[in-house]
Amino acid sequence: EFWQFGAEVLGESDPSIDAQLIYLSHRILSDLQIRDKCKLRINTMGSKDDRKQFYEAIANFYSGKERSLTPTTQDKLKSKKYLEVLIPRSEDEEILLDMAPKITDFLSKSSQAFFDQVVEYTSSFDIEFEVDPTMTRGVPYHTNTIFEFIDTDTNQPILVGGRYDNLI
């Protein structure tokens with residue numbers, strides 16, 4: 001069950017639209033007077049092709065480390081639900097996640113350029129954020145930009161979003 005709200009974009013692929021979505025989300029939280037209680041994290045999921053290499057690297061990385069994984073994560077790994085493997089469920093999994101391959105290591109030139117432009121445009125809005133290469137989404141329809149505003153006290157997501165080009 002989700003307790004946050006979302007802001008997604010489908011259709012025209014333009015990094016300025018993604019940055020505008022982040023800005024709109026920032027403005028909504030500001031208007032609600034809770035933006036100062038949130039931290040913005042941004043990452044990319046790259047393209048479907050970028051993720052194929054990433055999934056292979058994740059499978060190789062976790063091979064032989066099963067005893068450090070919860071039964072749920074072991075099942076996700078066996079089922080090849082690699083994005084769900086990257087959701088830590090224990091302290092050991094958090095440590096492994098820090099050492100695991102990052103999607104940003106497998107981006108094509110075009111995916112990297114898209115992400116770089118999103119970061120540049122978002123910076124131009126004077127919005128404070130951090131790029132978090134460990135952040136992913138557990139569903140396959142995300143492409144390129146993902147972001148989340150998290151509560152700084154609880155680390156719980158308040159507003160999440162991104163690009164859903166593979167949804168339809």
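Leu-77 touches Tyr-62, Glu-66, Leu-69, Tyr-82 and Val-85, when residues up to four places away in sequence are not counted. This contact set, like everything that follows, is taken from a predicted model.

**Nonpolar cores**

Leu-77 also belongs to the largest nonpolar core, a group of 18 residues in which Leu-77, Phe-54, Ile-58, Tyr-62 and Leu-86 are those with the most contacts inside the core. The elements that contribute two or more residues to this core are α2 (48-62), α4 (82-85) and α5, and α2 gives the most, with four residues. In soluble globular proteins, nonpolar side chains tend to be buried together.

| Core | Residues in the core | Some members |
|---|---|---|
| Largest nonpolar core | 18 residues | Phe-54, Ile-58, Tyr-62, Leu-77, Leu-86 |

**Helix α1**

Helix α1, which covers residues 15-31 and so has 17 residues, reaches 24 Å from its first C-alpha to its last, close to the 24 Å expected at 1.5 Å a residue. After α1 comes Gln-33, whose phi is positive, near 60°.

**The largest pocket**

The largest pocket has a volume of about 1,000 Å³, and of the 32 residues that line this pocket, Arg-41, Thr-136, Arg-137, Glu-148 and Pro-157 are the closest to its centre. At least two lining residues come from each of β1 (5-9), β2 (38-44), α5 (91-99), β4 (143-151) and β5 (157-163), and β5 gives the most to the lining, with four residues. By class, the lining is made up of 13 nonpolar, 10 polar and nine charged residues.

**Arg-163**

Strand β5 also contains Arg-163. Because its relative accessible area is 0%, and buried means under 20%, Arg-163 counts as buried. Arg-163 and Lys-102 are separated by 61 residues in sequence and by 19 Å in space, taken from C-alpha to C-alpha.

Key: Residues are numbered from 1 along each chain as its sequence is written. This is a predicted model: local features need pLDDT of at least 70, side-chain atom pairs count only at pLDDT 80 or more; totals for chains, interfaces and linings use all residues. Side-chain values use heavy atoms; hydrogens and water are left out. On a 1 Å grid over the protein atoms alone, a cavity is a set of points where a 1.4 Å probe fits but cannot get out, and a pocket is an open set with protein on both sides within 12 Å along at least five of seven lines; lining residues have an atom within 4 Å of a point. Grid points are joined across faces, edges and corners, and a volume is the space filled by probe spheres set on the points. Ala, Val, Leu, Ile, Met, Phe, Trp, Tyr, Cys and Pro count as nonpolar, Asp, Glu, Lys and Arg as charged, and the others, Gly among them, as polar. A nonpolar core is a set of buried Ala, Val, Leu, Ile, Met, Phe, Trp, Tyr and Cys residues joined through side-chain atoms within 4.5 Å. Buried means under 20% relative accessible area, exposed over 50%, partly exposed in between (1.4 Å probe, protein chains only). Contact means heavy atoms within 4.5 Å.
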